[in-house]
Amino acid sequence: MTVQDIYNAVDEAAAFSTQMDFDNAGLLVGDPKANVTSALVALDVTDAVIDEALSRGSNLIVTHHPVIFHAIKKVTSDMLVYRLIRENISVICAHTNLDLACGGVNDILAQKLDLQDIALVPPENLLRVGKLSRGMTPPEFAYYVKQKLDLPALRYCDGGAVIEQVAVCGGSGGSELREVWKTGCQAYVTADIKHDVMLEAIHLGITLIDGGHFETENHVKKQEWEQVLSC
């Protein structure tokens, strides 16, 4: 199996053509014709992940976050990209295309919270909304999220209303707060929330939960690709 074969499989599950305009998903490092000895799946490319790939004899890393996100004008020895090239490791990154995909990051997050009647929010289909099996107070829901996502801790603001309908967006989703408000959801689970966004959520009557960027997206690593492909 080649790097291109793996790329095609990921593309079938979460088409790279659907990535958002600011994104840089796809084959970012390596040779598409290279034979794959084994592949390592991770949320990010770090030195520790490269070390693990080398220890396992893996010459392909598949991640969620792009190893090259912003434009670079040079590649020097202090950069991860330089090390990947030197070690002959290819990298495929499925980012916003995996967020958007059926069975992708946001669907998995909604499923981890046992939401019912899960639906996307058109036209912004990063968001998923669903219903709880019963109403919860904001503190009760915050504890529920902590348990369901196996979080060491979380941040939240109390929107003041009983929570029956919930919106989710893995990773940094603070910019979608107004879209959540339009859906009528009483709670929103995402990450990387700034202080002013928390204050706006209180004003709008939404319980806003910051579960952590890594923690809201890491569950996608355990997803069976067969389930994603069956969507």
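G26 stands opposite C93, which belongs to strand β4. β1 and β4, residues 90-93, run antiparallel and are joined by three bridges. Strands here are DSSP runs of E with at least two residues, helices are runs of H or I with at least four, and both are numbered from the N terminus. Two strands count as paired if DSSP finds at least two bridges between them.

This is a predicted model, in which local features need pLDDT of at least 70 and side-chain atom pairs count only at pLDDT 80 or more, while totals for chains, interfaces and linings use all residues. Residues are numbered from 1 along each chain as its sequence is written, and side-chain values use heavy atoms, with hydrogens and water left out.

Back to the sheet. Four strands make up an open sheet with mixed pairing, in the order β1-β4-β3-β2. β1 (26-29) and β2 (39-42) are at the edges with a single partner strand each, so one side of each has no neighbour in the sheet.

Two helices pack here. Helix α1, residues 3-13, touches β1, β3 (60-63) and β4, and its direction makes about 10 degrees with that of β4. Helix α2, residues 47-56, lies across β2 and β3 and runs at about 155 degrees to β2. Contact means heavy atoms within 4.5 Å; axes are lines fitted to C-alpha atoms, for helices over the stretch in contact, and angles run from 0 to 180 degrees between N-to-C directions.

Now the cysteines. Buried means under 20% relative accessible area, exposed over 50%, and partly exposed in between, with a 1.4 Å probe and protein chains only.

Next, helix α5, residues 105-112. Six of its eight residues are buried, so the rest of the structure largely encloses α5. Those buried residues are V105, N106, D107, I108, L109 and A110. Among the elements covering them are α4 (96-100), β5 (116-120) and β6 (128-136). After α5 comes D114, with a positive phi near 55 degrees.

Finally, the whole protein. There are ten helices and ten strands. Of the 231 residues, 49% are buried. The C-alpha atoms fill a box of roughly 55 × 40 × 30 Å along the principal axes.
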